[in-house]
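Colleague: I have not looked at this one before. Can you take me through it?

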Amino acid sequence: MCSPLHAWRTITKAKHSCAIIAVAYVIGIMPNVEIYTQPFCPYCSRALKLLRDKGVAFTEIDAPHGSAARRDATMRSNGGTTMPQIFIDGRSIGGCDELLALDRSGQLDPLFTT
Ligand SMILES: N[C@@H](CCC(=O)N[C@@H](CS)C(=O)NCC(=O)O)C(=O)O
C-alpha cells in the first residue's frame, strides 16, 4: 500500500526535483511561471532578475526569432511579438514592463501565492 506520505518520501529521496515541482503545480501550492526569452535581451534579463529575487520557480523557454517557441509565445499572448513573454498559471502577463508594473502596484505577489 502506498500512502501519500510514502509517495512523497519516495519522490523527495529520489531527488526528482522536476517531479516535486510537477506535484506542487498539480496540488496548487506553486504557480506555474513560464518566461519566453531570447539571447542578449536586456528586458529578459530584467524580468528574470525580478523572478529570481522573488524566489519563485519558473521555466525559461528559449524563443529566438523564427523558432517554434517564438510562434507559441506570440500565439499564447494574442500577438505579443517582443521578448520576454511571461505567463503565470497560463495567463499572459505581458513583457518585462508589465511584470514590473504589476510588482509596483502590489498585484504580482498575490499571483505567486495560489
Ligand atoms: N515593452 C517590452 C519591450 C521588450 C523588447 O523590446 N524586447 C526586445 C528584445 S530586448 C524585442 O523583443 N525586440 C523585438 C525583436 O527582437 O524582434 C517589455 O517590457 O517586455
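Colleague: What should I know before reading any numbers?

Modeller: This is a predicted model, where local features need pLDDT of at least 70, side-chain atom pairs count only at pLDDT 80 or more, and totals for chains, interfaces and linings use all residues. Residues are numbered from 1 along each chain as its sequence is written.

Colleague: How many helices and strands are there in the protein?

Modeller: The protein has 6 helices and 4 strands. Both are DSSP runs numbered from the N terminus: helices are H or I with at least four residues, strands are E with at least two. Along the sequence the pattern is α-α-β-α-β-α-β-β-α-α.

Colleague: What share of the residues counts as buried?

Modeller: Of the 114 residues, 18% count as buried. Buried means 20 or more other C-beta atoms within 10 Å of the residue's own, exposed means 12 or fewer, and partly exposed is in between, with C-beta atoms placed from the backbone.

Colleague: Which residues are around the ligand?

Modeller: C41, P42, Y43, T82, M83, P84, G95, C96 and D97. A residue is near a molecule if its C-beta atom, placed from the backbone, lies within 6 Å of it.

Colleague: And which helices supply them?

Modeller: α3 (42–54) and α5 (96–104) each supply at least two residues of that shell. By class the shell has 6 nonpolar, 2 polar and 1 charged. Here Ala, Val, Leu, Ile, Met, Phe, Trp, Tyr, Cys and Pro count as nonpolar, Asp, Glu, Lys and Arg as charged, and the others, Gly among them, as polar.

Colleague: How do α3 and α5 cross?

Modeller: Their axes come within 9 Å and cross at roughly 30°. Axes are lines fitted to C-alpha atoms, for helices over the stretch in contact, and angles run from 0 to 180 degrees between N-to-C directions. The angle makes α3 roughly parallel to α5, a label for angles under 35 degrees.

Colleague: Which residues meet there?

Modeller: Y43, R46, A47 and L50 in α3 meet C96, L99, L100 and D103 in α5. Contact means C-beta atoms, placed from the backbone, within 7 Å. That contact has 6 nonpolar, no polar and 2 charged residues.

Colleague: Back to the shell. Is the peptide bond from M83 to P84 cis or trans?

Modeller: The bond is cis, with omega near 0°. P84 itself sits in the loop between α4 (68–76) and β3 (85–88). Most peptide bonds are trans.

Colleague: What about phi of F40?

Modeller: Phi of F40 is near 55°, positive although the residue is not glycine. F40 is in the loop between β1 (33–37) and α3. With 6 other C-beta atoms within 10 Å, F40 is exposed.

Colleague: Last one: is P31 buried or exposed?

Modeller: P31 is buried, because 20 other C-beta atoms lie within 10 Å. P31 belongs to the loop between α2 (17–26) and β1. From P31 to F87 the C-alpha distance is 9.9 Å, at 56 residues apart in sequence.

Technical notes
Parallel < 35°, antiparallel > 145°, perpendicular 65-115°, else oblique. Contact = placed C-beta atoms within 7 Å.
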